[in-house]
Amino acid sequence: MKKEAIAMLEERGVTLRDLAELAYELQNPYIPITVDIALENVHKVLDKREVQNAILTGIAIDKLAEKDLIEEPLSSILKRDDSLYGIDEILALSITNIYGSIGFTNFGYLDKVKPGVIGRVNDSKGSQVNTFLDDLLAGIVAAACSRMAHSLGDSNKN
Ligand code: MG
């Protein structure tokens with residue numbers, strides 16, 4: 001299922017390298033890493049079944065909304081990315097949660113500032129419904145950051 005999750009991300013315009021570059025930028029000031037190490041960690045995050053499930057579910061809902069296959073009132077809520085909806089964040093936090101509390105801080109930052117590919121996805125909202133996607137990306141990057149922070153003193157568990 002990891003393969004399907006990656007394919008779904010790519011179909012929505014996001015590569016794992018985009019996510020790795022973002023994780024690298026966030027952690028580079030604090031720990032000695034490279035983009036390749038960040039990429040390895042993004043892969044490890046995507047090895048988790050919970051993460052694959054979150055990606056498949058969130059992107060499926062975005063695509064259904066985009067094709068007008070969801071009933072009202074949810075359809076409109078999803079299409080305008082209503083900030084009070086909140087389920088997109090909850091789903092994405094299920095990714096971040098796996099790696100403990102450092103993830104929350106990173107997720108909050110990414111969700112607010114929307115750097116790199118997260119901003120790009122957020123800006124392409126006119127043509128695509130990305131209500132779940134931006135949060136999923138923030139969740140994956142935050143999880144990869146936490147993983148790197150933890151594994152620095154902890155020789156690559158998880
Ligand atoms: Mg969202």
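# Briefing: helices, core and magnesium site

His 150 is in contact (heavy atoms within 4.5 Å) with Tyr 99 and Ile 102, leaving aside its neighbours within four places in sequence. This is a predicted model: local features need pLDDT of at least 70, side-chain atom pairs count only at pLDDT 80 or more, and totals for chains, interfaces and linings use all residues. Residues are numbered from 1 along each chain as its sequence is written, and side-chain values use heavy atoms, with hydrogens and water left out.

**His 150**

- His 150 sits in helix α9. Helices (H or I, at least four residues) and strands (E, at least two) are DSSP runs, numbered from the N terminus.
- His 150 counts as partly exposed, at 36% relative accessibility. Buried means under 20% relative accessible area, exposed over 50%, and partly exposed in between (1.4 Å probe, protein chains only).
- Between His 150 and Ile 102 there are 9.0 Å in space, C-alpha to C-alpha, and the two are 48 residues apart in sequence.

**Helix α2**

- The 12 residues of α2 should span 16 Å at 1.5 Å a residue, and its end C-alpha atoms are 16 Å apart, which agrees. The expected span is 1.5 Å times one less than the number of residues.
- Buried in α2 are Leu 16, Asp 18, Leu 19, Ala 20, Leu 22, Ala 23, Leu 26 and Gln 27.
- These buried residues of α2 pack against α1, α3, α7, α8 and α9.
- Gln 27 belongs to α2 and is buried, with a relative accessible area of 7%.
- Leaving aside neighbours within four places in sequence, Gln 27 is in contact with Ile 33, Asn 106, Cys 145, Met 148 and Ala 149.

**Helix α3**

- Helix α3 covers residues 35-46; its 12 residues should span 16 Å at 1.5 Å a residue, and the end C-alpha atoms are 16 Å apart, in agreement.
- Ala 38, Leu 39, Asn 41, Val 42, Val 45 and Leu 46 are buried in α3. They cover an arc of only 165° around the axis, which puts them on the same side of α3. The arc is that of the directions from the helix axis to the C-beta atoms.
- The buried residues of α3 pack against α1 (2-11), α2 (16-27), α4 (49-66), α6 (87-96) and α9 (133-152).

**Nonpolar core**

- The largest nonpolar core has 48 residues, and Leu 9, Leu 19 and Leu 137 have the most contacts inside it. Such a core is a set of buried Ala, Val, Leu, Ile, Met, Phe, Trp, Tyr and Cys residues joined through side-chain atoms within 4.5 Å.
- Elements giving two or more residues to this core are α1, α2, α3, α4, α6, α7 (102-113), α8 (116-123) and α9. The most comes from α9, with 11 residues.
- Leaving aside neighbours within four places in sequence, Leu 19 is in contact with Val 14, Val 42, Val 117, Leu 137, Ile 140 and Val 141.

**Magnesium site**

- Asp 88 (OD), Thr 131 (O), Asp 134 (OD) and Asp 135 (OD) are the protein donors of the magnesium ion, lying 2.1 to 2.8 Å from it. Donors are N, O and S atoms within 2.8 Å of the metal (3.2 Å for Na, K and Ca); water is not among the atoms, so sites may look incomplete.
- Along the chain, the donors follow the spacing D-x42-T-x2-D-D.
- Thr 131 counts as buried at 1% relative accessibility, and Asp 134 counts as buried at 3%.
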